[in-house]
Amino acid sequence: MSALKAGDSFPEGVTFTYVAPSGDTDLTVCGLPIQYDASKEFANKKVVLVAVPGAFTPTCQQQHVPSYLAKLEEFKSKGVDQIIFIASNDAWVMAAWGKANGVKDESILFMSDADCKFSKTIGWTQGDRTKRYAIVIDHGKVTYAELDEVPKSIANTGADGVLAKL
């Protein structure tokens with residue numbers, strides 16, 4: 001498969017793993033990872049899928065996640081059901097990252113694209129990490145898919161860039 005673009009159907013067989021939010025932001029409280037069937041879930045929702053090179057990395061932590069936290073209500077007002085961050089980190093690291101950012105519920109989910117399995121299928125990896133990209137899926141159809149190729153830039157994949165395309 002090649003890169004996704006607006007008008008494409010979201011591919012079948014895409015899964016991620018995550019630890020469901022428990023409402024507790026204590027980093028020492030750990031749940032068990034579960035599988036998330038993205039292909040099935042995305043068929044019935046409007047979702048913003050955001051890939052980042054790594055949890056807790058400078059641009060991701062200082063710019064990317066905060067941009068979505070600050071604009072969460074705007075996404076909801078535009079009909080977005082879910083925002084999901086993925087990275088190659090394991091599900092526990094991703095869960096801790098959500099907790100460290102004060103996310104206690106499913107408003108924003110933090111999931112593992114283990115071994116960059118999905119990102120590799122669309123060619124959006126750099127070494128053993130995902131590239132920085134955002135994909136909007138509206139009931140199974142891709143309506144936006146862009147990369148940020150410039151280091152430290154979130155122009156196309158940050159909250160403002162994505163909101164401008166909704």
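Trainee: Which residue in β4 is the bridge partner of Leu-49?
Mentor: Ile-84 is the bridge partner of Leu-49 in β4. Keep in mind that this is a predicted model.

Trainee: How many bridges join β3 and β4, and is the pairing parallel or antiparallel?
Mentor: β3 and β4, the latter covering residues 82-87, pair in the parallel sense over 5 bridges.

Trainee: And β8, which way does that run against β3?
Mentor: Strand β8, residues 133-138, runs antiparallel to β3, and 6 bridges join the two. One of the bridge pairs is Ala-51 with Tyr-133 of β8.

Trainee: Which residues sit on each of the two faces of β3?
Mentor: Lys-46, Val-48 and Val-50 are on one side, and Val-47, Leu-49 and Ala-51 are on the other. Both faces are covered, with the residues on each side all buried.

Trainee: What about β1, which residues are on its covered face and which on its uncovered one?
Mentor: Phe-16 and Tyr-18 make up the covered face of β1, while Thr-15 and Thr-17 are on the uncovered one.

Trainee: Which strand does β1 join, and by how many bridges?
Mentor: 4 bridges join β1 to β2, residues 34-37, and the two run antiparallel. Tyr-18, from the covered face of β1, has Ile-34 as its bridge partner in β2.

Trainee: Switching to Thr-130. Where is it, and is it buried or exposed?
Mentor: Thr-130 lies in strand β7, residues 129-130. Thr-130 counts as buried because its relative accessibility is 0%, and the cut-off for buried is under 20%.

Trainee: What does its side chain reach?
Mentor: The side chain of Thr-130 reaches the backbone oxygen of Val-52 at 2.5 Å.

Trainee: Which residues beyond its sequence neighbours is Thr-130 in contact with?
Mentor: Leaving aside neighbours within four places in sequence, the contacts of Thr-130 include Ala-51, Val-52 and Pro-53, then Ile-86, Ala-87 and Ser-88. Asp-113, Cys-116 and Trp-124 are also among them. Ala-51 is the residue whose bridge partner in β8 is Tyr-133.

Trainee: Cys-116 is on that list. What is its phi?
Mentor: Cys-116 has a positive phi of about 55°, although it is not a glycine. Cys-116 is placed in the loop between β5 and α5. Cys-116 is buried because its relative accessible area is 0%.

Trainee: What do they pack against?
Mentor: The buried residues of α4 pack against β1, α2, β4 and β5.

Trainee: What happens at the start of α4, and just after it?
Mentor: At the start, a side-chain oxygen of Asp-90 reaches to within 3.0 Å of the backbone nitrogen of Trp-92. Just after α4, Gly-102 takes a positive phi of about 80°. Gly-102 is in the loop between α4 and β5 and counts as partly exposed at 45% relative accessibility.

Trainee: Last one, the largest pocket. What is its volume, and which residues lie nearest its centre?
Mentor: The volume is about 180 Å³. Of the 18 lining residues, Val-19, Ala-20, Pro-21, Ala-95 and Lys-99 lie nearest the centre. Ala-95 and Lys-99 are also among the buried residues of α4.

Trainee: How does the lining divide into nonpolar, polar and charged?
Mentor: The lining of the largest pocket has 11 nonpolar, 3 polar and 4 charged residues. α4 and β5 each supply at least two residues of that lining.

Notes
Residues numbered from 1 in each chain as written. Predicted model: local features only at pLDDT ≥ 70, side-chain atom pairs only at ≥ 80, totals over all residues. Heavy atoms only, no water. Buried < 20%, exposed > 50% of the residue type's maximum accessible area, 1.4 Å probe, protein only. Polar contact = N/O pair within 3.5 Å; in protein donor to acceptor, adjacent residues only side chain to side chain. Contact = heavy atoms within 4.5 Å. Pairing = 2+ DSSP bridges. 1 Å grid on protein atoms, 1.4 Å probe; cavity = no way out; pocket = protein on both sides within 12 Å on 5 of 7 lines; lining within 4 Å. Points joined across faces, edges and corners; volume = space filled by probe spheres on them. Nonpolar A, V, L, I, M, F, W, Y, C, P; charged D, E, K, R; others polar.
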